[in-house]
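I opened my notebook to look up a few local features of one chain, and I wrote down what I found as I went. The sequence and the structure come before the entries.

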Amino acid sequence: MPVIYYAYYSPVSERISDISTQEHLLGRRLLSQGLRELYHISVSASQVDAMLRTEENGKPCLSDHPDIFFNITHCRGLAACAFGRSPLGIDAELPGYFPEILVARALSETEKSFLQEAGSTMALRQEWFYRLWTLKEAYVKKSGCGVDTDLTEFSFFFDRSSMPLRITCTDPHVSCFQEKLSGGQILSLCSLNTEKEVTLVDRSS
């Protein structure tokens, strides 16, 4: 069962480099907390990097624990780390402005039609776009297939009559999870169908 640790943060400054460092450190803290609490592996946030190696596809993994899968994401005001028993991918975004060219580049024809129908206001259009976008990014991060992936070759579908939202993918091997957090961020996870239940853990401090 995937577990997602997440934490809100306030930017330490207006400099992008400072915020990037802050997000990186917070992601490492969440990773070390999850390793300690879920797997009883005691490691500090500053020691985590020494445990990591990079796979051929560029995805980080734990050198001595190949059976533990994790993925980290961050966006404005939030960092999150997902843990599971099989490959998974996580992505988060705070809805807002996006260039319309991304609709053509990222969404399938079915998804474009859905966005047109569901996005009846600018706020709704932004929210539903980022619901789709974060799922696309989570899917790519799960598979480790890289930035050259044609995002229009797979689609996600929402059953808006169900609460929580039921989400399916044209890839039958993928299970999808999505949550709109209290801070407004959209958090999406893609994992194998064998891992459908997801637990959210707020580690804000």
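**How I read the model.** I worked with a predicted model, in which local features need pLDDT of at least 70 and side-chain atom pairs count only at pLDDT 80 or more, while totals for chains, interfaces and linings use all residues. Residues are numbered from 1 along each chain as its sequence is written, and side-chain values use heavy atoms, with hydrogens and water left out.

**The sheet.** I took helices (H or I, at least four residues) and strands (E, at least two) as DSSP runs, numbered from the N terminus, and I called two strands paired if DSSP finds at least two bridges between them. I found an open sheet of four strands in the order β4-β5-β1-β11, with mixed pairing. Because β4 (69-75) and β11 (199-202) stand at the edges with a single partner strand each, one side of each is left without a neighbour in the sheet. Strands β1 (residues 3-8) and β5 (residues 78-84) pair in the antiparallel sense over six bridges, and I noted that Tyr5 has Cys81 in β5 as its bridge partner. Helix α1 (residues 16-39) packs on the sheet and touches β1, β4 and β5, and its direction makes about 35° with that of β5. Contact here means heavy atoms within 4.5 Å, and axes are lines fitted to C-alpha atoms, for helices over the stretch in contact, with angles from 0 to 180 degrees between N-to-C directions.

**Two hairpins.** I then looked at β7 (residues 156-159), which pairs with β8 in the antiparallel sense over four bridges; the two form a hairpin with six residues between them. I used buried for under 20% relative accessible area, exposed for over 50% and partly exposed in between (1.4 Å probe, protein chains only).

**Cysteines.** How many disulfides does the structure hold? I found zero disulfides, a disulfide being a pair of cysteine sulfur atoms within 2.5 Å. For Cys176, the nearest cysteine sulfur is that of Cys190, 4.5 Å away.

**Aromatic rings.** Rings of Phe, Tyr and Trp (its six-membered ring) pair if their centres lie within 6.5 Å, with planes under 30 degrees apart counted as stacked, over 60 as edge-to-face and the rest as tilted. By this rule I have 13 aromatic pairs. Tyr5 and Phe83 have ring centres 5.7 Å apart and planes at 75°, so the pair is edge-to-face. Tyr5 lies in β1 and Phe83 in β5, so this pair ties together parts that are 78 residues apart in sequence. Trp128 and Phe158 are also edge-to-face, at 5.0 Å centre to centre and 75° between the planes.

**A loop residue.** Is His40 buried or exposed? I found His40 exposed, with a relative accessible area of 71%, in the loop between α1 and α2 (48-51). Phi of His40 is near 60°, a positive value in a residue other than glycine.
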